[in-house]
Amino acid sequence: MDISCALATASDSPSQVELAETLGYQRAWLYDSPALVTDVWMVLSRCAERTTRIGIGPGVLVPSLRHPMVNAAAIAELVAQAPGRVVVGIGTGFTGRLAMGKRPMAWQHVADYVRCLRTLLAGETAEWEGSAIRLLQLSGCGAPRPIEVPILIGADGPKGLAVAAELGDGVFSAGMPQPIVPGVPDWRALLTFGTVLEDGEDLNSPRVIDAAAPSAVVLYHAMYERAGAGAVDALPGGKGWREAIESCPVAERHLAMYEGHSMKPNPIDEPYVVDFLKFANTMALTGTAEQVSEKIAGLASLGVTELVYQPAGSDISRELRAFAVAAGLST
């Protein structure tokens with residue numbers, strides 16, 4: 001199983017990707033959530049300039065954020081900068097859309113987008129919004145066509161898996177592996193979270209809270225968006241957190257919820273972080289190095305072919321190094 005990392009795209013991400021390369025990570029995925037983080041393509045370009053081996057790509061693109069020609073042109077330039085190292089994830093938009101008050105896209109629209117993008121990268125003429133379009137770039141303005149890059153579909157259920165079966169080279173999922181479905185390619189990337197404990201640390205240790213709380217909060221956000229108030233109320237601290245969120249005006253509730261999402265608990269999250277960690281730890285890759293190693297082996301046995309670890313907290317370099325040791329990448 002490949003061991004990769006994911007980063008909340010930031011100005012210092014290139015240095016973190018450079019470190020991940022030296023530690024032996026297979027790939028670095030950067031998030032595409034412009035309401036929360038800086039531009040993914042600008043930072044990926046800088047990552048390409050500072051690395052030579054590690055795979056890089058957006059994980060995952062949200063089609064509604066850009067015209068397919070814009071993403072095709074960005075992919076072409078990144079491939080020219082990092083040939084053989086680029087991979088692209090595409091999904092319906094969880095954080096990328098919800099943080100702007102929009103629901104995830106319909107899968108049919110995502111499928112249409114992927115078809116158009118593939119046609120453009122092949123150097124052929126596509127149709128979009130009633131117009132014929134084609135990459136017309138001359139030499140020096142991106143990689144020559146056809147451009148072949150793997151495209152993983154950010155699937156979280158049967159509709160996404162169906163799109164992956166038709167149009168994808170694999171599946172990029174979060175939290176829990178998607179089931180093995182006939183026709184879906186074997187490349188199964190799984191986004192995971194957590195922190196490797198030092199001797200004597202527990203979930204109440206300040207460093208552990210700093211590193212693990214952002215992902216615990218994400219779990220509650222996702223539960224609220226996907227399963228509703230009742231599901232959240234059943235979790236430790238869930239009812240109080242949900243009531244605090246729902247005290248915000250409906251039109252601006254998403255602004256309160258997604259501030260700091262996956263990077264730092266926001267003011268509404270903070271009073272419930274300890275309760276969140278008790279529940280989230282049952283699914284996160286948090287534990288001693290030996291325990292994390294055992295959890296990784298368990299995910300491999302479920303068919304995961306690429307484990308994508310997102311470090312969080314105030315010391316990303318420490319998290320990348322500790323996880324690399326637990327995963328057997330370095331000593």
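**Salt bridges, domain interface and backbone geometry**

The chain holds 17 salt bridges, each defined as a side-chain nitrogen of Lys or Arg within 4 Å of a carboxyl oxygen of Asp or Glu. The model is predicted: local features need pLDDT of at least 70, side-chain atom pairs count only at pLDDT 80 or more, and totals for chains, interfaces and linings use all residues. Residues are numbered from 1 along each chain as its sequence is written, and side-chain values use heavy atoms, with hydrogens and water left out.

One of the salt bridges joins the side chains of R27 and E306, at 2.9 Å from N to O. R27 belongs to strand β2 (residues 27-30) and E306 to strand β10 (residues 306-309), so this pair ties together parts that are 279 residues apart in sequence. Helices (H or I, at least four residues) and strands (E, at least two) are DSSP runs, numbered from the N terminus.

The chain has 13 helices and 10 strands. Its radius of gyration is 20 Å, close to the 20 Å that the globule rule gives for 331 residues, so the chain is as compact as a globular protein of that length. The radius is taken over C-alpha atoms, and the globule rule is 2.2 Å times the number of residues to the power 0.38. Along its principal axes, the C-alpha trace spans about 60 × 50 × 40 Å.

The domain assignment gives two parts: domain 1 (2-196 + 287-327) and domain 2 (206-281). These bounds come from an automatic or database domain assignment. The domain centres, taken over C-alpha atoms, are separated by 25 Å. In contact across the interface (heavy atoms within 4.5 Å) are 24 residues of domain 1 and 17 residues of domain 2.

The size of an interface is often given as the accessible area lost when the parts come together. Between domain 1 and domain 2 the buried area is about 1600 Å², and carbon and sulfur atoms give 57% of this area. Here buried area is the accessible area (1.4 Å probe) that two parts lose on being put together, summed over both. L36, F94 and T195 supply 28% of the area that domain 1 buries against domain 2, more than any other three residues.

Three salt bridges are counted between domain 1 and domain 2. The side chains of D156 and R226 also form a salt bridge, at 3.4 Å from N to O. On the side of domain 1 that touches domain 2, α4 (95-98) and α13 (316-326) are the elements that give two or more residues. The residues of that side divide into 11 nonpolar, seven polar and six charged. Ala, Val, Leu, Ile, Met, Phe, Trp, Tyr, Cys and Pro count as nonpolar, Asp, Glu, Lys and Arg as charged, and the others, Gly among them, as polar.

Most residues other than glycine have a negative phi, and most peptide bonds are trans. A cis peptide bond joins G59 and V60, with omega about 0°. V60 sits in the loop between β3 (55-58) and α3 (68-81). The peptide bond from R145 to P146 is also cis, with omega near 0°. P146 lies in the loop between β6 (131-133) and β7 (151-153). E129 is not a glycine, yet has a positive phi of about 50°. E129 is placed in the loop between β5 (126-128) and β6.
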